Amino acid sequence: MIESKTVYYEKGGPEHTEATLALAVDACTELGIHDLVIASSSGRTALALQDAAGLNVTVVTIAYGQGEAGGNPMSEETRRELQARGYHVVSAAHALSGVERCLSTTFGGVYPAEIMAHTLRMIGRGTKVCVECSAMAADAGCIVGGAPVIAVGGSGGGADTAIVLRPEVSAKILKTKVDRFLCKPID
């Protein structure tokens, strides 16, 4: 039997970023996991990571053009700083919305990937983010599908969720296995 304790935050938010990152790094050491995936649109969450020695860190941001044409919330300066730390930086369409969001906005209705996203949000927004960003990291070749990783995500700005999972690439996302929660908000 494996004993583990999940930390529950009363409310989600960026004030939990440092504690969540520390839990994730500690769990990597304890569990012998070398891959850490961090959702970070602007890069602030990833920059808050203090000690990632020996870890393969992948920072996942959103695709270019989601806000302004050609723009990305992560500045080129931040991207270069993260890469200088040895982190992979992935900018891609969200695995659980991407093209489907365009279709549902244009034609109305709900499509399968959006249903998956909303189902994961029932557990927590950060849970959906962790699963999605891990698939995106696997799609980019930064992690190996099916191998254990620790993913960090949040409820909007900062990090408040960390999970151990075995993600798959987007084309095989239903084979993803969530093994355990390290922390999550209960709101």
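Tutor: Let us begin with the surface of this predicted model. The accessible surface of the protein chain amounts to about 9,600 Å², and carbon and sulfur atoms hold 54% of that area.

Student: What percentage of the residues in the protein chain is buried?

Tutor: Of the 187 residues, 47% are buried.

Student: How does one read the radius of gyration of the protein chain?

Tutor: One sets the value beside that of a compact globule, which for 187 residues would be near 16 Å. The protein chain has 16 Å, so the two agree. The C-alpha trace spans about 50 × 40 × 30 Å along its principal axes.

Student: How many helices and strands does the secondary structure of the protein chain contain?

Tutor: There are 6 helices and 7 strands. Read from the N terminus, their order is β-α-β-α-β-α-β-α-α-α-β-β-β.

Student: What share of the contacts joins residues 24 or more positions apart?

Tutor: Among contacts in the protein chain with a separation of 6 or more, such pairs account for 58%.

Student: Let us turn to a single residue. Is Glu132 buried or exposed?

Tutor: A residue under 20% relative accessible area is called buried. Glu132 has 2% relative accessibility and therefore counts as buried. Glu132 belongs to helix H6, which covers residues 125–139.

Student: Which residues does Glu132 touch, leaving aside those up to four places away in sequence?

Tutor: Glu132 touches His94, Ala95, Leu96 and Ser97.

Student: How many side chains are positive and how many negative in the protein chain?

Tutor: There are 16 positive and 20 negative side chains, and the centres of these two sets are 5 Å apart.

Technical notes:
Residues numbered from 1 in each chain as written. Predicted model: local features only at pLDDT ≥ 70, side-chain atom pairs only at ≥ 80, totals over all residues. Heavy atoms only, no water. Helix = DSSP H or I, 4+ residues; strand = E, 2+ residues; numbered from the N terminus. Rg over C-alpha atoms; globule rule 2.2 N^0.38 Å. Buried < 20%, exposed > 50% of the residue type's maximum accessible area, 1.4 Å probe, protein only. Contact = heavy atoms within 4.5 Å. Areas by Shrake-Rupley, 256 points an atom, 1.4 Å probe, with all protein chains shown as cover. Lys, Arg positive; Asp, Glu negative; His and termini not counted. Charge placed at Lys NZ, Arg CZ, Asp CG, Glu CD.
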